[in-house]
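Me: Could you walk me through this one before I set anything up? I'd like the overall picture and then some local details.

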Amino acid sequence: MKKLFLKCFMYAILVIIALELYIRVFHLTKDYPSRYIDEYGVEKWMPNQSGFSVTGNRRQNFSEYHINNSGFNSYREYQPSNDKVEIGLVGDSFIEGFHQNYYNSIGKKIEKRLNSVEVYEFGYAGYDFADQLHLVHSYKEEFDLIDFVAFGLKFENDLYRAEYKIVDDRMKLESTLYKNLRKIKVLAYVQNIGALDPLRNLPVRLLTFFKEESKKTDKKLTEEERFIVESDTQLKKLNNFKSLVSLYGYDKERYVLLLDKKKTPDKFIGYLEANGFAYIDFSEDMDNSKLPTTLIYDKHWNDRGRAIIAKLITRYLKSKV
């Protein structure tokens with residue numbers, strides 16, 4: 001019995017090692033770059049990291065990333081000056097571009113359309129509008145040298161804060177234990193495909209099971225109540241936008257918002273237009289595209305979608321010039 005147990009244990013170890021090698025050789029799971037918070041309280045990636053980003057359990061999307069000296073995924077270093085024309089793209093994972101090779105990013109596509117222009121991509125997964133304005137404010141001297149800055153803005157989830165604060169939950173992921181566990185590719189792969197979700201959600205499910213029946217049933221809102229809640233939420237987000245712009249500053253001559261007008265309330269659009277906030281709406285061009293503009297699995301822009309964004313930004317720049 002003891003020999004059988006020992007053999008099973010040894011075979012299990014050999015299988016795990018074989019799977020680890022297989023996953024590493026064929027890049028079946030993504031590499032995890034390390035993040036940090038700099039001296040200005042800006043959260044970004046540790047500089048000078050490279051790796052591969054993988055989406056899906058059968059490598060449906062595979063792309064290479066490169067973190068530059070500034071801590072962002074880019075094919076170039078950022079050295080703004082008065083002697084050249086620079087464009088800054090600031091936003092979340094859509095601007096960050098881990099879903100496409102770093103040398104074929106939105107910035108690269110813009111540079112191909114415009115001669116003698118450098119594009120700096122300040123994209124970081126999870127950035128909301130407070131993160132973005134705090135970044136620009138913290139590096140004011142550098143951004144003052146950049147001729148044009150576009151901010152990616154999603155009204156539905158980027159305006160929940162009226163000021164910037166460090167998000168502790170994101171930085172907790174960078175514990176030494178967690179970073180070491182992520183180096184085990186088998187464990188990372190199992191986590192990515194959701195095999196650990198039932199185990200991770202077990203405590204929550206148990207707590208829910210023991211709740212009283214009356215607390216399980218949520219009160220259904222009437223259409224009138226739902227309208228009131230949505231209106232209050234929209235008003236709060238609009239006020240947060242006003243507070244952020246007032247707190248960190250906003251150069252209406254050089255800055256523009258990149259947004260989906262179909263997913264943005266008319267009241268907010270009306271406020272932007274009435275107060276001179278320029279914006280680029282990409283909804284119509286995305287909808288009219290004959291080819292898919294997003295990935296199947298997580299709806300980030302694919303190469304076609306990024307090409308459309310690059311085209312619209314280029315068109316806007318030419319109209320300004």
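Predicted model: local features only at pLDDT ≥ 70, side-chain atom pairs only at ≥ 80, totals over all residues.

Me: Fine. How many helices and strands are there in the protein chain?
Reply: The protein chain has 15 helices and 9 strands. It has 321 residues, and 43% of them count as buried.

Me: And what does the accessible surface of the protein chain come to?
Reply: The total is about 18900 Å², and carbon and sulfur atoms account for 56% of that surface. On the contact side, if you take pairs of residues at least 6 apart in sequence, 68% of those contacts join residues at least 24 apart.

Me: Back to Lys 299, what is its phi near?
Reply: Phi of Lys 299 is near 70°, which is a positive value in a residue other than glycine. As background, most residues other than glycine have a negative phi. Asn 48 also has a positive phi, near 60°, and Asn 48 belongs to the loop between β2 (43-45) and β3 (49-55).

Me: Are those two buried or exposed?
Reply: Lys 299 counts as exposed because its relative accessibility is 53%, and the cut-off for exposed is over 50%. Asn 48 is exposed too, with a relative accessible area of 51%.

Me: Switching to prolines, where is Pro 80 found, and what does Pro 80 touch?
Reply: Pro 80 is in the loop between β4 (61-67) and β5 (85-91), and Pro 80 counts as buried because its relative accessible area is 18%. Not counting residues up to four places away in sequence, Pro 80 touches Glu 86, Tyr 120, Glu 142, Leu 145 and Ile 146. The C-alpha atoms of Pro 80 and Glu 141 are separated by 9.6 Å, although these two residues are 61 residues apart along the chain.

Me: How many residues of helix α4 are buried?
Reply: Helix α4, residues 129-138, is mostly covered, with 9 of its 10 residues buried. The buried residues include Asp 131, Gln 132 and His 134, along with Phe 129, Leu 133 and Leu 135 among others. At the start of α4, a side-chain oxygen of Asp 128 comes to within 3.2 Å of the backbone nitrogen of Ala 130.

Me: Now voids, how many cavities of 30 Å³ or more does a search find?
Reply: A search of the whole structure finds 2. The largest cavity holds about 40 Å³ of space, and the second largest cavity has a volume of about 30 Å³.

Me: Which residues line the largest cavity?
Reply: The lining consists of Phe 155, Gln 234, Leu 235, Leu 238, Pro 265, Lys 267 and Phe 268. Helices α12 (223-248) and α13 (266-274) each supply at least two of the lining residues, with the largest share, 3 residues, coming from α12. By class, that lining has 5 nonpolar, 1 polar and 1 charged residue.

Me: And how does the lining of the second largest cavity divide by class?
Reply: That lining has 2 nonpolar, 4 polar and 2 charged residues. Among the residues lining the second largest cavity are Asn 73, Ser 74, Glu 96, Tyr 102 and Glu 121.

Me: Last topic, what volume does the second largest pocket have, and which residues lie nearest its centre?
Reply: The second largest pocket has a volume of about 450 Å³. It is lined by 22 residues, and Phe 94, Asp 260, Lys 263, Phe 282 and Trp 301 lie nearest its centre. Both α2 (93-96) and α14 supply at least two residues of that lining, and α14 gives the most, with 3 residues. The lining residues of this pocket divide into 8 nonpolar, 5 polar and 9 charged.

Note on methods: Residues numbered from 1 in each chain as written. Heavy atoms only, no water. Helix = DSSP H or I, 4+ residues; strand = E, 2+ residues; numbered from the N terminus. Buried < 20%, exposed > 50% of the residue type's maximum accessible area, 1.4 Å probe, protein only. Contact = heavy atoms within 4.5 Å. Areas by Shrake-Rupley, 256 points an atom, 1.4 Å probe, with all protein chains shown as cover. 1 Å grid on protein atoms, 1.4 Å probe; cavity = no way out; pocket = protein on both sides within 12 Å on 5 of 7 lines; lining within 4 Å. Points joined across faces, edges and corners; volume = space filled by probe spheres on them. Nonpolar A, V, L, I, M, F, W, Y, C, P; charged D, E, K, R; others polar. Polar contact = N/O pair within 3.5 Å; in protein donor to acceptor, adjacent residues only side chain to side chain.
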